[in-house]
Amino acid sequence: MKPFLEKFFPEVYRKMTEDTDISNYCKFDSQLLTSFTSSLYVAGLVASFFASSVTKAFGRKPSILLGGAAFLAGAALGGAAINVYMLIFGRVLLGVGVGFANQSVPLYLSEMAPPRHRGAINNGFQFSVGLGVLSANLINYGTERIRGGWGWRISLSMAAVPAAILSLGALFLPETANSLIQRTDDTERAKLMLQRVRGTEDVEAELNDLIQANSTSKTNEHPLKNIIRRKYRPQLVMAIAIPFFQQVTGINVIAFYAPVLFRTIGQGESASLMSAVVIGVVGTGSTFISMLVVDKLGRRALFIFGGAQMFVSQIMVGGVIAAQLGDHGSISKGYAYFVLIMICIYVSGFSWSWGPLGCLVPSEIFPLEIRSAGQSIVVAVSFLFTFIVAQSFLTMLCHFKSGIFFFFGGWVVVMTAFVYNLLPETKNTPLEKMDKVWREHWFWKRFVGEMDENSRTEAA
């Protein structure tokens, strides 16, 4: 928004409006602007490690509450900001909120969900994130039209609404049976909780699995040390690879900078914000479809088809921009619409594959003894590479120009091959039985062992 750029990033605004010599691809190349964007992710990276300890020692619920409180403080500071330092500090607090929420909420959903619906319920997390992105884009589109130049304050302050819902809602959430057993050994209370959330009295088999998993976890006093042991190698590789690949799909480039991208190809302020709204609608709709089919088609099929869709659309976008957009001027309206359609196809592919599954798969693959530590690694790696991509994108856009899309397209090929060869199917497998999928996998069984001693004893 013009008043926002004028107040906090005047150098960017000057380049955008007055500097006729600067390349289209370099107008927004500002380290201060990218620091504002990516400060959230540095804060989230640090917070996720503290969140792991809180989640394990005090339960999933306190982590969600802390996340909501940090969100509220960040929204208040952002909306009231009088200088760029206040603005960035507010964004850091939002990052702390994201760190705690991203660590604890997917864990909470996976532990509460029955195995046959776990994919749909966990994908609901990403669907809700999509609704949030769409709402934010609609708010930006509306507040940009407010005369007087203070619409951005409403835009940033409105983050307090979902933050308040999260904080108040968390007060009424029950703790998960997994967490109750892990922290208190109160099996009777855990049994009552399971009966309540499963809607049946017959929960003995699941309860026994939880008790056994907890007994195993008690022998592991240092989860972060244990996760590097050979038998947890598949989980550790996935904890690093999946969030890394999720970031190098290029999705956050679209999510952060969609309006910037569309202004780069010559659209006006309102048209750019409206394009971001269209992308938000497509993404949310596709995530909803993923919720409906993930437990039927499985995780691998969605990853592979979504990867193919993303690759083709990225190559098309890169090709059109390379052919039609030079360093100066803009592309025709027809080509701008074509780019928008291709980006929508790309976002759609991401939103039923790497978007929701990048959260779902890591949340369901860890045994209880390393679950909190594993989820923290997932969140930390995600924040680290989100920060790197966010911090470097505008500079990369300036130097790579249209090649930026071919760069991310190449990574999509790599990650699709990775899933095809190394990720086993996890649909309909209970969390406490998940070690079986690794023992039966052609590659990972050499690390995990086709049958460990405990499994032999159980079988006997």
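1. Helix 13 and helix 20 meet through V237, M238, A241, F244 and F245 on the helix 13 side and W411, V414, M415, F418 and L422 on the helix 20 side; contact means heavy atoms within 4.5 Å. The helices are DSSP runs (H or I, at least four residues; strands are E, at least two), numbered from the N terminus. By class, this contact has ten nonpolar, no polar and no charged residues. Ala, Val, Leu, Ile, Met, Phe, Trp, Tyr, Cys and Pro count as nonpolar, Asp, Glu, Lys and Arg as charged, and the others, Gly among them, as polar.

2. Helix 13 (residues 233–247) and helix 20 (residues 403–422) pack with axes 10 Å apart, at an angle of about 150°. Helix 13 is therefore roughly antiparallel to helix 20. Angles under 35 degrees count as roughly parallel, over 145 as roughly antiparallel, 65 to 115 as roughly perpendicular and the rest as oblique. Axes are lines fitted to C-alpha atoms, for helices over the stretch in contact, and angles run from 0 to 180 degrees between N-to-C directions.

3. This is a predicted model, in which local features need pLDDT of at least 70 and side-chain atom pairs count only at pLDDT 80 or more, while totals for chains, interfaces and linings use all residues. Residues are numbered from 1 along each chain as its sequence is written, and side-chain values use heavy atoms, with hydrogens and water left out.

4. The average pLDDT of the protein chain is 86, and 91% of the residues score at least 70; pLDDT is the predictor's confidence in each residue, from 0 to 100. Over residues 453–460 pLDDT stays under 50, and the model has five contacts beyond four places in sequence for this stretch.

5. The axes of helix 4 (residues 60–80) and helix 8 (residues 160–171) come within 8 Å and cross at roughly 155°. The two are therefore roughly antiparallel to each other. The residues of their contact divide into twelve nonpolar, three polar and one charged.

6. For helix 6 (residues 118–143) and helix 18 (residues 354–365), the axes come within 8 Å and cross at roughly 125°. Helix 6 is therefore oblique to helix 18. R118, G119, N122, N123, F125 and Q126 of helix 6 meet G355, P356, L357, C359, L360, S363 and E364 of helix 18. This contact has five nonpolar, six polar and two charged residues.

7. Overall, the protein chain has 23 helices and zero strands.
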